[in-house]
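Subject: Structure for your reading

Dear colleague,

Please find below the structure that I was asked to pass on to you. My notes on it follow directly after.

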Amino acid sequence: MTRLLFLFFIIFSFQISAQNYRIQVQLDGAPNKTAQLAYHYLGKIYAADKTTLDENGQGTFSGDSLLAQGLYKILVDKDHHFDFLLGADQDFKLSNSTFDGADSKIVGSEESEAFIDYMIFLRDLQQQSASLNEAYKNANDAEKSKITEQREALNPKMHDYWLTVDKKFPDSFLYKFITANYVPALDESTLPKEVAENDSLLLLAKFNYQQKHYWDYFDYTDERYLYTPFYKTKLETWFTKVLYPEYDSVKPYVYKFIEDVKPSKRIFQFATSYFLNSSINSNIMGMDALFIDIARDYYLSGEAFWASEESLEAIRENVLFIQDNLIGQIAPDLTLESFDGEFINLHQIESKLTAVLIYEPNCSHCKVFVPEFYKEVYLPYKDKGLTVFAIYSMDDKEEWAEFLTKHNMFDWINVWDEHHSSRFKIKYDARKTPGIYLLDENKKIIGKKMTVEQLKEIIPIELN
């Protein structure tokens, strides 16, 4: 069963004050065409305004309220468009004859003009870098050393430019925009020798430094970043690659982030929805516990003002099916009837490891998974401390018998609940089969939803 997504956006008006905007455009290459003023928002592009250009390519975008600051686009068609930065000054003239953003001319908005200057500077720097890289390919050792020095000198040029922009336009979005993707790198010369010369310790030091400084140049509470291509990808990278991939480590950072952005309804909605979705769909075992926390603390508590009753009902269902089988919890106890009519209690099984397997014979995935698990995992470890509590999830004993006979699987504990009175499908989230849970000797859940290959890796470790 496919997990449901709960990312529900309310369309906020991006017009934010009583002042007006007026952008006069001159597009020589698009006479008598319709031009659109569009804005970036969380990785997508939306139309904000449009104008019909005259025979000279002139037109005007105007409105009674200021637009949200951010990265905007002038678009005529898929082959003719360019971006520009819209700052606080929104009454200006813009001309462009080539549809290359760096060729734009802006009069009346110093911040937007400065963005064009930065694009030109950046293009020149990239050309220098490309030229040096090309020269390096055919250089001798002495030349390579000199070229390396020249390449390393490009970064300080970039940083000096940033400082110049910050000094000229203090507190502007321009500076925040051009430094948004910069993450400081660890200066290895500051490390103790025993760390710098140990690959594992050095890697850990770099990881910790990146985690600590990832947001140094990106104010994630600033709504203007929503109107750029950066916010969504920046957040995704942080959650999936920068944070240590483990529930207990991730939760404090995620909750701090959510609380920090709560004053901004737009960011609060996006971030909370993102973390909810990502945690329930994560491939990292145990991350569904974060889904339960966010669901209870923000959605079911009523703080998620954007959530419809339909979405809340879907969230309640997922909470119901997940809350009792989280990693680290004692597995829900079950007393089920065996194939031979004996009742067997899960918690009374004495075994170093117990695998709770839930399957149905006609499930296409089960037809492959269950026999493989039996042959490649159960048989090699059944005499070394592994017990399987295999639950047939349907109510046709003849079908069950045929499956067990076909695969000769009568030597593990085969049980069922003919009348479904134990609620095992809820307690162990049997909406999707096969389901498998690995329990330690105290019946604590130490793994779930694993592949046969993953089980072959983890079981020997746990048994030893």
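Strand S12 (residues 386-392) runs parallel to strand S13, and four bridges join the two. Here and below, helices (H or I, at least four residues) and strands (E, at least two) are DSSP runs numbered from the N terminus, and two strands pair if DSSP finds at least two bridges between them. Phenylalanine 389 has isoleucine 413 in S13 as its bridge partner.

Please note that this is a predicted model, in which local features need pLDDT of at least 70 and side-chain atom pairs count only at pLDDT 80 or more, while totals for chains, interfaces and linings use all residues. Residues are numbered from 1 along each chain as its sequence is written, and side-chain values use heavy atoms, with hydrogens and water left out.

Strand S13 (residues 413-416) is covered on both faces: Ile413 and Val415 are buried on one side, and Asn414 and Trp416 on the other. Buried means under 20% relative accessible area, exposed over 50%, and partly exposed in between (1.4 Å probe, protein chains only). Strand S13 also pairs with strand S9 (residues 335-338), antiparallel and through two bridges; there, serine 338 is partnered with valine 415.

These strands belong to an open sheet of seven, with mixed pairing and the order S10-S9-S13-S12-S11-S14-S15. Strand S10 (343-345) and strand S15 (445-448) are at the edges with a single partner strand each, so one side of each has no neighbour in the sheet. From one strand to the next, the twist averages 35 degrees; axes are lines fitted to C-alpha atoms, for helices over the stretch in contact, and angles run from 0 to 180 degrees between N-to-C directions.

Strand S7 (residues 91-95) pairs antiparallel with S8 over three bridges, and serine 95 lies opposite lysine 105.

A hairpin links S5 to S6 through two residues. Strand S5 (residues 70-77) and strand S6 (residues 80-86) are antiparallel and joined by seven bridges, with isoleucine 74 opposite phenylalanine 82.

For the protein as a whole, the secondary structure comes to 15 helices and 15 strands. The radius of gyration, taken over C-alpha atoms, is 30 Å, whereas a compact globule of 464 residues would have one near 23 Å (the globule rule is 2.2 Å times the number of residues to the power 0.38). The C-alpha trace spans about 85 × 60 × 35 Å along its principal axes. Of the 464 residues, 47% count as buried.

How confident is the predictor? The average pLDDT, a confidence for each residue from 0 to 100, is 94, and 96% of the residues score at least 70. Over residues 1-18, however, pLDDT stays under 50. Where pLDDT is low, the predicted coordinates should not be read in detail.

With kind regards

Notes
pLDDT is the predictor's confidence in each residue, from 0 to 100. Contact means heavy atoms within 4.5 Å.
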